[in-house]
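Please look over the chain shown here. The briefing below covers its fold, its charged surface and one backbone feature.

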Amino acid sequence: MTGVIILNHKESKEDLVMAGTVALTPEQREIMEEALARLNEDDRTIIQLYYGLNPDRTAYTMDEIAIIYGVSEEGAEYFLQEAMKSLEYVVKHHHQILGH
């Protein structure tokens with residue numbers, strides 16, 4: 001399993017939260033953390049909130065994220081999709097970008 005599982009998910013959100021917080025190897029976790037660090041603050045934050053990749057490992061719902069950002073649920077979903085595209089780009093190009 002790699003950090004890319006978050007990008008190409010067919011599993012439930014709960015599986016992804018576990019993948020993001022528990023099942024990654026130290027190298028995979030390092031790559032994911034470096035990739036997230038390459039994103040702008042809004043992209044990084046929405047991914048961390050939704051997938052529970054924050055220190056308290058709390059995964060927020062789209063409704064909760066919408067409230068945080070002051071947008072509709074659809075707006076929050078759009079922001080997450082765009083953030084995931086950015087993360088996917090960084091992870092796919094991690095050899096050049098992250099030096100791994």
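This is a predicted model: local features need pLDDT of at least 70, side-chain atom pairs count only at pLDDT 80 or more; totals for chains, interfaces and linings use all residues.

The chain holds six helices and zero strands. Two salt bridges are present, and a patch of negative charge lies on the surface. Helix α5 gives the most to that patch.

**Overall fold**

- From the N terminus on, the elements run α-α-α-α-α-α.
- The chain has 100 residues, and buried residues make up 38% of them.
- Among contacts with a separation of 6 or more, 54% come from residues 24 or more positions apart.
- The accessible surface comes to about 6000 Å². Carbon and sulfur atoms account for 52% of that surface.

**Negative patch**

- Which residues gather in the patch of negative charge? They are D63, E64, E73, E74 and E77.
- Helices α4 (62-69) and α5 (73-92) each supply at least two residues of the patch. The contribution from α5 is three residues.
- D63 is found in helix α4. Its relative accessible area is 43%, so D63 counts as partly exposed.
- E73 is found in helix α5. E73 is also partly exposed, because its relative accessibility is 35%.
- Both values meet the patch cut-off, which asks for over 30% relative accessible area and no salt bridge.
- How far apart are D63 and E74 in sequence and in space? They are 11 residues apart in sequence and 9.1 Å apart in space, C-alpha to C-alpha.

- Side chains of opposite charge can pair when their charged atoms come close.
- E82 forms a salt bridge with K85. The closest N and O atoms of this pair are 3.1 Å apart.
- Why are E82 and K85 separated by about one helical turn? The reason is that they are three residues apart in helix α5.
- E82 is partly exposed at 28% relative accessibility, whereas K85 is exposed at 51%.
- E88 forms a salt bridge with K92. Here, too, the closest N and O atoms are 3.1 Å apart.
- E88 and K92 both lie in helix α5. They are four residues apart, about one turn of the helix.
- Are E88 and K92 exposed or partly exposed? E88 has a relative accessible area of 25% and is partly exposed. K92 has a relative accessible area of 58% and is exposed.
- The cut-off for exposed is over 50% relative accessible area, so K85, at 51%, falls in that class.

**Backbone feature at R57**

- Most residues other than glycine have a negative phi.
- What is the phi of R57 near? The value is near 60 degrees, which is positive in a residue other than glycine.
- Where does R57 lie? R57 sits in the loop between α3 (41-51) and α4.
- R57 has 47% relative accessibility, so this residue counts as partly exposed.

**Points to keep**

- Helix α5 holds the E82–K85 pair and the E88–K92 pair. Helix α5 also brings three residues to the negative patch.
- Helix α4 supplies at least two residues of the patch, with D63 found in that helix.
- The loop between α3 and α4 carries R57, with its positive phi.

Technical notes: Residues are numbered from 1 along each chain as its sequence is written. Side-chain values use heavy atoms; hydrogens and water are left out. Patches are made of residues with over 30% relative accessible area and no salt bridge: like charges are joined within 9 Å, nonpolar side chains (Val, Leu, Ile, Met, Phe, Trp, Tyr) within 5 Å. Accessible areas come from the Shrake-Rupley method with a 1.4 Å probe; for residues, only the protein chains shown count as cover. A salt bridge is a side-chain nitrogen of Lys or Arg within 4 Å of a carboxyl oxygen of Asp or Glu. Lys and Arg count as positive and Asp and Glu as negative; His and the chain ends are not counted. The place of a charge is taken as NZ of Lys, CZ of Arg, CG of Asp or CD of Glu. Buried means under 20% relative accessible area, exposed over 50%, partly exposed in between (1.4 Å probe, protein chains only). Contact means heavy atoms within 4.5 Å.
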